[in-house]
Structures are given as C-alpha cells and as structure tokens.
Amino acid sequence: MSIKASGEIFKNGHIPSLDGFRMISICLVIFSHLILRSQNPYLLNLQFNLGQFGILGVRIFFIISGFLITFLLLKEKAKTGTVNLRYFYIRRILRIFPVFFLYLIALHTLNHFLNLNIPLSNFLGAALFIQNFGIWGDNWYLAHTWSLAVEEQFYIAWPIIFLFVPVATLKRKRVLCFVLMLGIFMRSFHYKFPDIADYFLAEFIMYADFLFAGCYIACLQFYNRQTVVDFINNISPKLVYISILAICIFTLFEFHPIYDKVFIPLSGTVILICVSFLLIYFTVREKSPGFRLLNLPVVIFIGQLSYSLYLWQQLFFGNTGLWLNEAPENIVMIFIVALFSYYVVEKPILKIREKFRPTQ
C-alpha cells in the first residue's frame with residue numbers, strides 16, 4: 001500500500017493537537033504534585049482526591065504514545081513494506097535515554113551531597129525501566145519513573161507484535177474489548193490485592209489498555225480516515241463537554257472510600273474511552289475552538305517541553321529543605337531546568353535521531 005493510498009492524512013506528516021494534549025497532561029501532573037506537596041490539610045483531606053489528576057495526566061500520555069508510535073509504524077510499513085526494528089529501537093533509545101539518564105546522574109549527585117536517602121535499589125529499578133513493579137521500594141524522587149518503565153516495556157513489545165500480527169486482527173473490536181476487560185480486571189485485582197498483583201504483571205497490564213487504545217485509534221485514523229472525519233463532523237459538539245465532565249467525575253470518584261467498589265472497575269475504562277474520543281475529535285475537527293486552542297504556539301511549545309518537564313518536576317516538588325522546593329520558586333526552576341534539558345540535550349539528539357528514519 002502506498003503512502004498516498006494509505007492516507008498521508010496529516011499535513012507535512014505532523015499530527016495536530018498532540019502537543020496540545022501533551023501540554024494538558026504535564027499541567028495535570030504538575031497541578032497534582034502541587035496539591036500533594038502543599039501540606040494544606042483541607043486539600044489533602046478531601047474525599048475527592050485532587051491528586052488523582054496526576055494519574056489522569058499519565059493516562060493521557062499513554063494514549064498519546066500508543067497513537068503516535070502506531071501511526072509512525074503504519075507510515076513506515078506503508079512506505080517501505082516492513083518495519084526496521086533496529087532503527088525503531090535506536091530512535092526510542094535516543095528519544096528516552098539521554099535526558100532520563102542525565103536526570104538519574106544529577107539525582108545521584110544530589111543524593112550524595114544533600115542526603116536525600118534514595119537507596120541504590122531505586123536507582124537500579126529506574127535505570128532498568130522496571131520501577132513499575134513494587135519490589136524496588138518507593139521513593140518520591142524516582143516514583144514517577146514507573147510510567148517511563150511502562151512505556152519502555154510497551155516500546156519493546158509492540159513493534160514486534162505489530163510486525164507479525166496482521167493489522168486487520170489488531171483492528172478487530174473483539175481484540176479491543178479483550179484488552180479493555182483485562183484492564184478492568186487488573187485494576188480491580190491490584191486495588192484488592194496489591195501485595196501479590198506484581199506477580200501477575202498488574203503494574204503493566206492495568207495501563208496497557210490505555211496504550212492499546214492509542215494504537216487502535218491510530219489504525220482507524222490511518223486506514224479509515226474519511227469514515228472517521230465524516231463521523232466526527234456529524235456529531236454534536238456537546239459530546240466534547242460531556243466527555244470532559246465524565247473524565248473529571250470518574251477521576252475524582254475513582255478512589256473515593258465509599259464509592260470505590262463501583263468506580264475502581266469503571267473509571268479507567270470510561271476515562272480511556274472519553275480521552276480517546278477527544279483525541280480523535282481534536283485531531284480531525286479543525287474548525288472547533290478546542291482545535292485552535294490546542295494548536296496555539298505557546299501550547300505546542302509547552303507540549304514539546306513535556307518530557308523534560310515530567311522528568312525534572314519531581315526534583316523540585318521534593319523535600320530537600322532548600323528554597324528550590326518552595327512555591328512559586330519551584331515552578332520557575334522546573335521550567336528553567338526543562339528549557340536547559342530541551343535545548344542542550346533533547347533537541348540536538350533529535351537531529352541525530354533523524355538519521356535512523358526509513359529512507360525508501
């Protein structure tokens with residue numbers, strides 16, 4: 001299938017609104033950590049835990065990752081007839097490793113001089129991208145690396161599955177339903193039996209449905225573009241507001257001590273469906289106000305900074321006793337360090353990564 005036949009569906013190969021969704025994701029994470037580290041008893045004792053919006057931000061990141069990676073794999077396969085796994089893994093390493101290991105080196109240095117009490121096992125779990133499994137202990141400064149571990153595990157497995165399983169099989173609704181049901185089961189199982197859930201890979205599977213949802217809608221967009229466009233253009237914009245409201249309600253109620261038995265099984269899947277719908281909607285409906293907002297230059301720029309912001313923000317929400325952990329200085333420092341990380345490390349290496357793009 002040629003690129004033209006498969007649908008070079010986005011102008012200049014750029015997918016609109018994705019950086020806007022990244023901006024929303026990182027803002028949710030930073031907002032959540034502001035709440036969690038505020039020491040405000042009113043905020044911390046709310047039955048509706050505002051800190052859960054950080055998990056929402058990560059879940060959005062997962063859907064974006066599944067969508068983007070699958071779209072790029074589809075594009076490469078349409079262009080060359082196959083997927084160069086070696087080049088794929090090199091591109092992923094160049095994207096993730098440099099800034100991540102810079103963070104680990106900086107944190108290890110600060111751990112020595114500031115006595116942050118981060119055990120070596122935490123560094124090892126983070127460096128091996130297995131921090132999502134609880135055997136490595138829990139430390140604030142490396143707690144966020146669980147999501148990177150989930151993504152790296154996905155990056156290892158998904159291209160191989162994609163290469164050897166027909167896309168027609170991956171697009172089947174029964175496959176999507178199976179993955180969704182597995183996510184529901186694992187989230188419930190992990191909530192009920194957290195001590196043994198790791199033995200069943202729960203810490204990966206309970207988020208795998210978010211990644212797969214992104215993969216699924218990438219296939220829909222790539223192969224059924226016009227059908228998707230017609231569907232989105234014919235539905236009421238009210239569904240956007242309903243979806244946003246549902247995401248907020250199910251995020252707030254998910255771990256409510258009274259309603260958790262209902263919302264633990266339902267919340268993840270409802271959020272997944274609503275975020276997936278919004279992602280499709282705002283990559284297609286270019287005349288909507290939301291599309292214009294998500295593609296503002298400042299929004300795009302923050303979205304491009306999101307990886308560096310995500311890595312470094314954890315340090316400045318810590319408890320070193322220094323001024324850099326006090327608000328609003330910590331917010332300023334997060335952006336200063338993220339800018340340095342992006343321009344000095346990320347951007348130059350992104351140019352090197354382009355050498356490992358398919359050329360056929």
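Reader: Where is L201 found?

Author: L201 is found between α11 (194-197) and α12, where helices (H or I, at least four residues) and strands (E, at least two) are DSSP runs numbered from the N terminus. Residues are numbered from 1 along each chain as its sequence is written, and side-chain values use heavy atoms, without hydrogens or water. This is a predicted model, in which local features need pLDDT of at least 70, side-chain atom pairs count only at pLDDT 80 or more, and totals for chains, interfaces and linings use all residues.

Reader: What is the phi of L201?

Author: Most residues other than glycine have a negative phi. L201 is not a glycine, yet its phi is positive. The value is about 60°.

Reader: Is L201 buried, partly exposed or exposed?

Author: The relative accessible area of L201 is 47%. Buried means under 20%, exposed over 50%, and partly exposed in between, with a 1.4 Å probe and protein chains only. So L201 is partly exposed.

Reader: Which loop holds N115, and what is its phi?

Author: N115 lies in the loop between α5 and α6 (120-127). Its relative accessible area is 54%, so N115 counts as exposed. N115 is a residue other than glycine, but its phi is positive, near 55°.

Reader: Is the peptide bond from A327 to P328 cis or trans?

Author: P328 is found in the loop between α18 and α19. Most peptide bonds are trans. Omega from A327 to P328 is near 0°, and this bond is cis.

Reader: Are α2 and α4 roughly parallel or roughly antiparallel?

Author: The axes of α2 and α4 are 7 Å apart, at an angle of about 155°. Axes are lines fitted to C-alpha atoms, for helices over the stretch in contact, and angles run from 0 to 180 degrees between N-to-C directions. Under 35 degrees counts as roughly parallel, over 145 as roughly antiparallel, 65 to 115 as roughly perpendicular, and the rest as oblique. The two helices, α2 and α4, are therefore roughly antiparallel.

Reader: Is the crossing of α2 and α4 left-handed or right-handed?

Author: A crossing is left-handed if the near helix is turned anticlockwise from the far one by less than a right angle, and right-handed if clockwise. By this rule, α2 passes α4 in a crossing that is left-handed.

Reader: How much space lies in the largest pocket?

Author: A pocket is an open set of points on a 1 Å grid over the protein atoms alone, with protein on both sides within 12 Å along at least five of seven lines; a cavity is a set where a 1.4 Å probe fits but cannot get out, and lining residues have an atom within 4 Å of a point. Points are joined across faces, edges and corners, and a volume is the space filled by probe spheres set on them. For the largest pocket that space is about 1,200 Å³.

Reader: Which residues lie closest to the centre of the largest pocket?

Author: The largest pocket is lined by 42 residues. Closest to its centre are R22, L68, R92, R95 and R353.

Reader: Which helix supplies the largest share of the lining of the largest pocket?

Author: Several helices each supply at least two residues, among them α2 (18-36), α4 (53-80), α5 (85-114) and α19 (329-353). By class, the lining has 19 nonpolar (Ala, Val, Leu, Ile, Met, Phe, Trp, Tyr, Cys and Pro), 15 charged (Asp, Glu, Lys and Arg) and eight polar residues (the others, Gly among them). The largest share, twelve residues, comes from α4.

Reader: Which residues lie closest to the centre of the second largest pocket?

Author: About 970 Å³ of space lies in the second largest pocket. Its lining of 34 residues has, closest to the centre, I55, D138, A143, W146 and Y207.

Reader: How many charged residues are in the lining of the second largest pocket?

Author: Helices that each supply at least two lining residues include α7 (140-143), α10 (173-192) and α12 (202-223). Nonpolar and polar residues number 14 each. The charged ones number six.

Reader: Which helix gives the most to the lining of the largest cavity?

Author: The structure holds one cavity of 30 Å³ or more, and the largest cavity has about 60 Å³ of space. I69, L72, F88, R91, R92, R353 and R357 line it. Three are nonpolar and four charged, with no polar residue. The most, three residues, comes from α5.
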